[in-house]
Amino acid sequence: IQQQLLPRENPHIPGFEVAGWSQACDETGGDCYDFQMLKGDRLAITLADATGHGVGPALVIAETRALLRAVMSMAEDVGQIIHQVNNLLSDDLGGDRFVTTFFGLLDPGDSLINYASAGQGPLLVYDHQQRRIQELPATGIPLGIMPNMEFMAEEPIRFMPGDMLVLLTDGFYEWSNPASE
C-alpha cells in the first residue's frame, strides 16, 4: 500500500528533468517523495521523513502526504501550506513524533522553485556555471513538534541550464551494504 502512494512515473516538465526514488529499509518505511501537477504548469515537490521505522512512521508519512495534497489545493503560498500541515500534524502526533519535510513549488516558466524546509536538510544545489555544490540548511523545525509555528518560503532557487537540486533523507546517508559498512 505504501509503495502505491509513491509517484508511478516521473513528471514531464519542459526544460527540466525531475526524478525520485525510494527504497525502504524494511517492508515499510518512514520516507516518501511526491510530485503533484498544479494549475499554471507548476509542480509541487515533496520529500518527507518521519521519525522511527516500521508501520507507525509509514502511517505518519501517508497522513503527511495526504495533508500536503489537501492543503495545497486550498492555498498557494509555500509557508502557509507548511504552517497548516504543521498545525494538523501537531494535533495528531502529540509531540513524540515529527516529520522533516521539504516542500517546493517549481515554476518552470520562471525557472525557479519556491520552497520551505521543515527540518529537512541539507539541500544540495549544484551550480553548473561555477561547478560548485552549495548546501542549504533546513529553514525551520520539523513538522508536528509545535503548533502555530510560522514557516516562510526561502529565497527562491533560480535554475540555469545544467543546475541541479538534490534532495535526500538521512536514510541515504545511513544506508549500509551487506557487510554493514
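Asp107 has Leu112 of strand 6 as its bridge partner, and Leu112 in turn is bridged to Arg158 of strand 9. The model is predicted: local features need pLDDT of at least 70 and side-chain atom pairs count only at pLDDT 80 or more, while totals for chains, interfaces and linings use all residues. Residues are numbered from 1 along each chain as its sequence is written, and side-chain values use heavy atoms, with hydrogens and water left out. Helices (H or I, at least four residues) and strands (E, at least two) are DSSP runs, numbered from the N terminus.

**Strand 6 and its partners**

- Strand 5 and strand 6 pair in the antiparallel sense over six bridges; two strands pair if DSSP finds at least two bridges between them.
- These two strands form a hairpin with four residues between them, and Ser111 in the turn has a positive phi of about 55°.
- Strand 9 (residues 157-158) also pairs with strand 6 in the antiparallel sense, over two bridges.
- Strand 6 is largely enclosed by the rest of the structure, because six of its seven residues are buried. Buried means under 20% relative accessible area, exposed over 50%, and partly exposed in between (1.4 Å probe, protein chains only).

**The nonpolar core**

- The largest nonpolar core has 43 residues, of which Val99, Phe103 and Leu106 touch the most other members. Such a core is a set of buried Ala, Val, Leu, Ile, Met, Phe, Trp, Tyr and Cys residues joined through side-chain atoms within 4.5 Å.
- Two or more residues of this core come from each of strand 3, strand 4, helix 1, helix 2, strand 5, strand 6 and strand 7 (123-127).
- Leu106 has contacts (heavy atoms within 4.5 Å) that include Phe16, Val18, Ile45, Leu112, Ile113 and Phe159, when residues up to four places away in sequence are not counted.

- Thr100 is found in strand 5 (residues 99-107) and counts as buried, at 12% relative accessibility.
- The side chains of Thr100 and Gln120 are joined by a polar contact of 2.7 Å. A polar contact is a pair of N or O atoms within 3.5 Å; within protein, one must be able to donate a hydrogen and the other to accept it, and residues adjacent in sequence count only if both atoms are side-chain atoms.
- Beyond four places in sequence, Thr100 touches Leu47, Ala48, Asp49, Ala118, Gly119, Gln120 and Pro142.
- Thr51 sits in the loop between strand 4 and helix 1. Leaving aside neighbours within four places in sequence, Thr51 is in contact with Pro57, Arg97 and Phe98.
- The C-alpha atoms of Thr51 and Gly30 are separated by 6.8 Å, although these residues are 21 residues apart along the chain.

**Salt bridges**

- Side chains of opposite charge can pair when their charged atoms come close. A salt bridge here is a side-chain nitrogen of Lys or Arg within 4 Å of a carboxyl oxygen of Asp or Glu, and the count comes to four.
- Asp34 and Arg65 meet in one of them (3.7 Å, N to O). This pair links distant parts of the chain, with Asp34 in strand 3 (residues 31-38) and Arg65 in helix 1 (residues 55-72), 31 residues apart. Both Asp34 and Arg65 are buried.
- Asp34 also forms a salt bridge with Arg69, their closest N and O atoms being 2.7 Å apart. Asp34 lies in strand 3 and Arg69 in helix 1, so this pair ties together parts that are 35 residues apart in sequence.
- The relative accessible area is 4% for Asp34, whereas Arg69 is partly exposed at 28%.
- Lys39 is exposed, at 65%, and Glu76 is partly exposed, at 46%.

**Helix 2**

- The end C-alpha atoms of helix 2 are 22 Å apart, which agrees with the 22 Å that its 16 residues should span at 1.5 Å a residue. The expected span of a helix is 1.5 Å times one less than its number of residues.
- Asp77 caps the N-terminal end of helix 2, with a side-chain oxygen 3.2 Å from the backbone nitrogen of Gly79.
- Gly94, whose phi is positive, near 70°, follows helix 2.
- The buried residues of helix 2 include Val78, Ile81, Ile82, Val85, Leu89 and Leu93, and what covers the buried residues includes helix 1, strand 5 and strand 6 (112-118).
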